Amino acid sequence: MPSLLGVFAHPDDESLLAGGVLAQHAAAHARTAVVTMTWAPDSPRAPELADALRALGAGAPRMLGYGDARNPQAAPGRPRLVDAPLDEVVAALVQQIRSFRPDIVVTHDALGQLTGHPDHRRTHQAALLAAQDAGLPHLHPEAGEPWQPRVVYCATHPESGVGELGPLLEAVGKAVLAVPDAYATTTVDVTPWVDVKWAAILAHRGEVARERPLPGILARLPEADRNRIIQIEHFTRLTPGPAKGDPVQLTH
């Protein structure tokens with residue numbers, strides 16, 4: 001099973017968008033880890049993230065500590081992710097990629113998921129650039145020895161797969177953005193790991209307690225309804241560097 005590095009904007013994105021795939025890879029003894037772009041390591045959400053990653057088998061948090069575009073308490077005194085120089089953000093991700101040396105990078109899609117959060121879109125942009133830069137020795141030489149991930153998967157929601165989630169988000173005033181079905185190149189049924197994924201989502205206790213965030217929305221649903229929503233994960237497959245041999249797959 002290939003190694004996998006998640007690159008996500010906020011604590012809880014990793015569990016909601018790729019918790020099943022992370023749990024699947026960890027269960028197969030693959031190396032897994034998650035980089036979280038926003039919120040400081042000493043913020044209230046850091047211990048929750050640590051508990052979620054422990055449930056998923058994804059190691060310790062790797063928090064870059066940028067500010068959240070919509071929450072000034074995320075990282076006081078630090079620039080917001082959307083305001084930080086792109087080169088700086090990419091260099092920080094290159095260092096993480098070269099340090100962990102993953103086969104696969106998983107991140108947000110170009111829309112910024114269903115709600116179009118600006119931090120999600122910025123993370124998508126930076127992760128794609130970093131996945132390419134990491135393999136080129138003349139770029140960011142201070143960030144370690146070059147390493148080229150073989151594939152990037154962007155967590156996404158195809159139009160035909162939004163289902164019950166769309167009305168739930170609209171009911172709390174959120175946008176619902178989905179990609180054409182052709183963009184969802186990989187669909188993974190994570191039913192065997194749905195309990196682990198849900199445990200990781202529940203670890204984000206502050207979000208579960210609130211009305212509008214998705215963990216809180218899911219927590220108010222009957223178990224069967226919730227499982228239907230979280231048991232399928234969709235991705236768009238991208239190749240960041242030279243293609244060599246057979247493509248890496250999220251599943252075998």
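Visitor: Let's start with histidine 140: buried or exposed?

Guide: Histidine 140 is buried, with a relative accessible area of 16%. Buried here means under 20% relative accessible area, exposed over 50%, and partly exposed in between, using a 1.4 Å probe and protein chains only. Keep in mind that this is a predicted model, where local features need pLDDT of at least 70, side-chain atom pairs count only at pLDDT 80 or more, and totals for chains, interfaces and linings use all residues. Residues are numbered from 1 along each chain as its sequence is written, and side-chain values use heavy atoms, leaving out hydrogens and water.

Visitor: Where does histidine 140 lie, and what phi does it have?

Guide: Histidine 140 lies in the loop between α4 and β5. Its phi is positive, about 50°, although histidine 140 is not a glycine. Helices (H or I, at least four residues) and strands (E, at least two) are DSSP runs, numbered from the N terminus.

Visitor: And glutamine 113, what's its phi like?

Guide: Glutamine 113 has a positive phi too, about 65°, and is not a glycine. You'll find glutamine 113 in the loop between β4 and α4 (118-133), and it is buried, with a relative accessible area of 4%.

Visitor: OK, on to the sheet. What's the strand order?

Guide: The order is β3-β2-β1-β4-β5-β7-β6, seven strands in an open sheet with mixed pairing. Two strands pair if DSSP finds at least two bridges between them. β3 (62-66) and β6 (186-189) stand at the edges with a single partner strand each, so one side of each has no neighbour in the sheet. From one strand to the next, the twist averages 25°.

Visitor: How many bridges join β2 to β3?

Guide: Three, and β2 (residues 32-38) runs parallel to β3. Valine 35 is opposite arginine 62 in β3.

Visitor: Which strands does α4 touch?

Guide: α4 packs on the sheet, touching β1, β2, β4, β5 and β7 (232-238). Contact means heavy atoms within 4.5 Å. The direction of α4 makes about 155° with that of β4; axes are lines fitted to C-alpha atoms, for helices over the stretch in contact, and angles run from 0 to 180 degrees between N-to-C directions.

Visitor: Switching to α3: which of its residues are buried, and what covers them?

Guide: Val89, Val90, Ala91, Leu93, Val94, Gln96, Ile97, Arg98 and Phe100 are the buried ones. Their cover includes β1, β2, β3, β4 and α4. Just after α3, arginine 101 takes a positive phi of about 60°.

Visitor: What about the nonpolar core, which residues touch the most other members?

Guide: In the largest core, of 28 residues, those are Leu4, Val21, Ile104, Val106, Tyr153, Phe235 and Leu250. A nonpolar core is a set of buried Ala, Val, Leu, Ile, Met, Phe, Trp, Tyr and Cys residues joined through side-chain atoms within 4.5 Å. β1 (4-8), α1 (13-27), α2 (45-56), β4 (104-108) and β5 (151-156) each give two or more residues to this core. Apart from it lies another core, of 24 residues, including Val90, Leu93, Ile97 and Ala131.

Visitor: What does leucine 4 touch?

Guide: Leaving out residues up to four places away in sequence, the contacts of leucine 4 include Val21, Leu22, Phe100, Ile104, Val106 and Leu250.

Visitor: Last one: how much of the protein is buried?

Guide: Buried residues make up 53% of the 252. Among contacts between residues at least 6 apart in sequence, 77% join residues at least 24 apart.
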